[in-house]
Amino acid sequence: SDSDNFGISQPVGHLDFYLNDGKDQPGCSRSSPLSVYQLVTCDHMRAVNLYISSIKNPCPLVAFPCPTYEQFANGDCADCHHQSLTHCPRIGLLERAGLHTDIGQREVKAFLMTSSHIPFCATHFLVELFLGEVGPHQQRVDVIFLSSKYTHLSKLKISISNKHSKMKKVIAHDQSIEDMTSIALKLSSSWHRKPHTIHIEEMRVTQLPLNHRGRPSRCIYNMVIYKPLFKEFGACQ
């Protein structure tokens, strides 16, 4: 949980868990007036505090086997099929991390995103974008996922260009997919480039892992973004 300061990034066990890429942890602010001790130890102690929480609390801390965090965040490891694994490993007092198979002598990296507060559990979702016309140059879209009470669940910054017709990203928050009811989108303009309208034909959000049957999905269709936009999720067609 602190490999960019006092931790290590290389795998050392049969199965290594990386919290939020093993670096800066949510809730460990760099801007608040914390003491030097608090600032230094917040990331470093998150692994310890999270493991203690996994013993005391029943919510699962599920990780996803993947070669790198970038691949995990880009939705390339969304079904927990990796080498001989058929289930997602979990943090806690579970025999072989809750796996029903032996991982042998392989070094397996498993990544997860967490919330900023105890019990740190978060549900992971795959966000898929199917793009229409997006303009001649790369633009950034800020997406805020909202609850039924319009509270902020998660935020995603997406760089969109005409090089891709489909994009996918992983997000996480501590609510279920039923609590994710709407989104707010904003096109981030650049001072040296004229903004162009972006057409998103479909946004599909699916709870992970994908290899669990019956995982629910929610969709929004036909979004044209040229000014701040609010849309509600509905059933997928």
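**Entry 1**

I began with Ile52, which sits in helix α1 (residues 36–56). Helices here are DSSP runs of H or I with at least four residues, strands are E runs of at least two, and both are numbered from the N terminus. This is a predicted model, so I noted that local features need pLDDT of at least 70 and side-chain atom pairs count only at pLDDT 80 or more, while totals for chains, interfaces and linings use all residues. Residues are numbered from 1 along each chain as its sequence is written, and side-chain values use heavy atoms, with hydrogens and water left out.

Buried means under 20%, exposed over 50%, and partly exposed lies in between, with a 1.4 Å probe and protein chains only.

**Entry 2: the mixed sheet**

Next I traced an open sheet of 3 strands, ordered β1-β3-β2, with mixed pairing. Strands β1 (15–19) and β2 (64–65) are at the edges with a single partner strand each, so one side of each has no neighbour in the sheet. Two strands count as paired if DSSP finds at least two bridges between them. Strand β2 runs antiparallel to β3 (residues 108–112), and 2 bridges join them. I looked up Pro65 and found its bridge partner in β3 to be Ala110.

**Entry 3: salt bridges**

How many salt bridges does a search of the whole structure find? It finds 4. The test is a side-chain nitrogen of Lys or Arg within 4 Å of a carboxyl oxygen of Asp or Glu. I went through some of them.

- Asp76 and Lys168 meet through their side chains at 3.7 Å, N to O. The pair links distant parts of the chain, 92 residues apart: Asp76 is in the loop between α2 (69–73) and β3, and Lys168 is in strand β7 (residues 166–173). Asp76 is partly exposed at 46%, and Lys168 is partly exposed at 31%.
- Glu128 pairs with Lys166, with the closest N and O atoms 3.3 Å apart. This pair also links distant parts of the chain, with Glu128 in strand β4 (residues 123–131) and Lys166 in strand β7, 38 residues apart. Glu128 counts as buried at 13%, whereas Lys166 is partly exposed at 40%.
- Asp142 and Arg140 form a salt bridge at 3.0 Å, N to O. Asp142 is buried at 11% relative accessibility, and Arg140 is partly exposed at 32%.

**Entry 4: the antiparallel sheet**

Last, I followed an open sheet of 4 strands in the order β6-β5-β8-β11, with antiparallel pairing. Which strands are at its edges? They are β6 (152–160) and β11 (229–232), each pairing on one side only.

Inside this sheet I looked at strand β5 (residues 139–147), which 8 bridges join to the antiparallel strand β8 (residues 180–188). For Ile144, the bridge partner in β8 is Ala184.
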